[in-house]
Each structure stands twice: as C-alpha cells, then as structure tokens.
Amino acid sequence: MTTRTRRPIADHGTLSRYKHHGCKCETCRAGYTAYQRSRYRRRAYGTWQPFVDAEPIRQHILTLHAGGMSYASIAQAAGMYEATVTGFIYALSAKDPRKEKATPEIAARILAVAPDPMLSGWVDVTGTRRRIQALAANGWPMSALADFIGVNSGSVNRITRQVRVYADTARAVADVYAKYATASPQDHGIPRWKSDRHRREAQAKQWPDPTWWEDMGHIDDPTFDPQTVVERPMNRLELAAYRRDEIERLNSYRIPDHEIAGRLDMALTTVRGIIGELESGQRRDRKQAA
C-alpha cells in the first residue's frame, strides 16, 4: 500500500490559501484584495498575463530529473502534487494533455527548485544504456564490455536497468562506444558464435545498432523514443545502395568479409564481389557475371 504525500498548505496572504483552502483571516483577505486590484489595473493597462509558456518549466524539470531527482522529489521541493509536475512532461490522460501554459505562481515555484547536492555525481542513464545495447547489437558480449569499462560483468547489465548512473561511468561507456562501435568483436578474441548469439538477442529485443543511432541521432535524449520512429521500407535500388555503402564502411575498418555478410544478411560471394569492385574501382558486368 502506498501513501500519498500531502501537499503543504500555502502561506497566509497568498491567493492559494484564500481560494483553495478557504482561509478568510485578515491577512488572506488583504492578500486577495491586493491581488484583485493588481489584476484589474493590469487588465486596464493591457499587461495582464495570467499564464506563461510552460516550455521553460518543462526543460527545468527534465534537467532536475536528469540530475537524479525523481518527479516526486521535485514536486515535494516545489510544494505541489506530483501530477502537477509530471503534467508538464507528458499527457496524464486523453482528456488531460501535456501542459502548454502555467500560472506565474506555479512557474516560479518549480523554477526555484535547485538540484539536489546529494546527487551531484549522477546523470541520466539513457545514453549509457543505449550505447551498451547498441554494442550488444553489433555482437559485443556485456562481459567483454565490462573489461573495457572497468567494472565487473554483472554491473553492465545492472546499469541498463538503472534510472541514473555515475557521471564517470557514463563517460567511460561513451569512450568505449566511440572506440568499439565499428570494431569487429572477432578482432578482440570474441568467438563468432558468441557474437552471433548476442546479435540475435539484441534483435529480438529491438535494440538499434550503432549505425542506426548514427543515422538517427538523439542517443542521449531521454524524450526520444526509438519505438515511435516509422521507417519506410527501402526499395530495391535504395537497399542495394545502402548495402554497398555499408560494405565500404565496414571494410574500411578491416572487418572480415564473412562478418560483413552476417551483419547485412548477404551472401558472402556478393560481399566479396562488391569489395573487389571497390578496390579495383570498376564495377562488374552483372549480366555477364550471371
């Protein structure tokens, strides 16, 4: 059973205390009267702005969340319900879309929330998780990645399930990714059968590989959902051009012919033929070859 955190009551003299908590003490009545006078005066001058743009609020919440603060802790620090905070991040229901505007009071309270100093060494895990999964999609076992990152093998899998990670670990994973994203696991002692098994597992889990992230971008963006990307199927000519470009790129990294064929799901003889064309600078006569 979970308990709901009670929102702190606003101070005397505030509009919230008068309107939402029904306090009619002298201080609250005076505060409400001052608010109404100010509102009428600004409406007469044409400067009345009851709402402000919610985007700066949303970005501030995302920054705090990336720094390790939960939405609940942000709401508690701002003195409001968690649903008020999360409403700036995503739609709460079909009838309650993501907030596009907010009152100046709510904006000021959320924007005043500072990062938790106890979480200063933590960052959002999204980019770290995606890099580990992308390397697995290229046939890298997590046990091998652990040696490169400098952690034990169990830690790599655990990192992918966390919400945040130490900044030093995130940098270490990014360095490993930059170095090994295009490297062949077999050149580093990984048996081919083990790489193939990790590729199949990654494919079953729909983990994009480094090439996909290089084309798409947003690998560190927690608001980007790869599952929402609708990719138009390539026609025959586009697929041929894509495969040729990939063969040239992978061959430049000295990845073995058979591994290129496995990655692109192509016949080994076709891959070797295209590599021969690239090295000679002359294309084969397809009809004569047939």
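**Helix packing and an aromatic cluster**

In this predicted model, the axes of helix α3 (residues 55-66) and helix α6 (residues 104-111) come within 10 Å of each other and cross at roughly 25°. Axes here are lines fitted to C-alpha atoms, for helices over the stretch in contact, with angles running from 0 to 180 degrees between N-to-C directions. Helices are DSSP runs of H or I with at least four residues, numbered from the N terminus. As for handedness, α3 passes α6 in a left-handed crossing, meaning that the near helix is turned anticlockwise from the far one by less than a right angle.

On the α3 side, P56, I57, H60 and I61 meet A107, I110 and L111 of α6, where contact means heavy atoms within 4.5 Å. Sorted by type, the residues of this contact come out as 6 nonpolar, 1 polar and no charged. Nonpolar covers Ala, Val, Leu, Ile, Met, Phe, Trp, Tyr, Cys and Pro; charged covers Asp, Glu, Lys and Arg; the others, Gly among them, are polar.

Now for the rings. Those of Phe, Tyr and Trp (its six-membered ring) pair if their centres lie within 6.5 Å, with planes under 30 degrees apart called stacked, over 60 edge-to-face and the rest tilted. By this rule there are 6 aromatic pairs. In one of them, the ring centres of W140 and F148 sit 5.7 Å apart with the planes at 75°, so the pair is edge-to-face. W140 also pairs edge-to-face with Y180, at 5.3 Å centre to centre and 65° between the planes. This second pair links distant parts of the chain, 40 residues apart: W140 is in the loop between α7 (126-137) and α8 (142-149), and Y180 is in helix α10 (residues 167-180). Together, W140, F148 and Y180 make up one aromatic cluster.

W140 and Y180 are both buried, W140 with a relative accessible area of 0%, whereas F148 is partly exposed at 30%. Buried means under 20% relative accessible area, exposed over 50% and partly exposed in between (1.4 Å probe, protein chains only).

Helix α8 has M142, A144, L145, A146 and I149 as its buried residues; their cover includes α7, α9 (153-159), α10 and α11 (192-204). After α8 comes G150, with a positive phi near 95°.

Residues are numbered from 1 along each chain as its sequence is written, and side-chain values use heavy atoms, leaving out hydrogens and water. Local features need pLDDT of at least 70 and side-chain atom pairs count only at pLDDT 80 or more, while totals for chains, interfaces and linings use all residues.

Notes: Helices (H or I, at least four residues) and strands (E, at least two) are DSSP runs, numbered from the N terminus.
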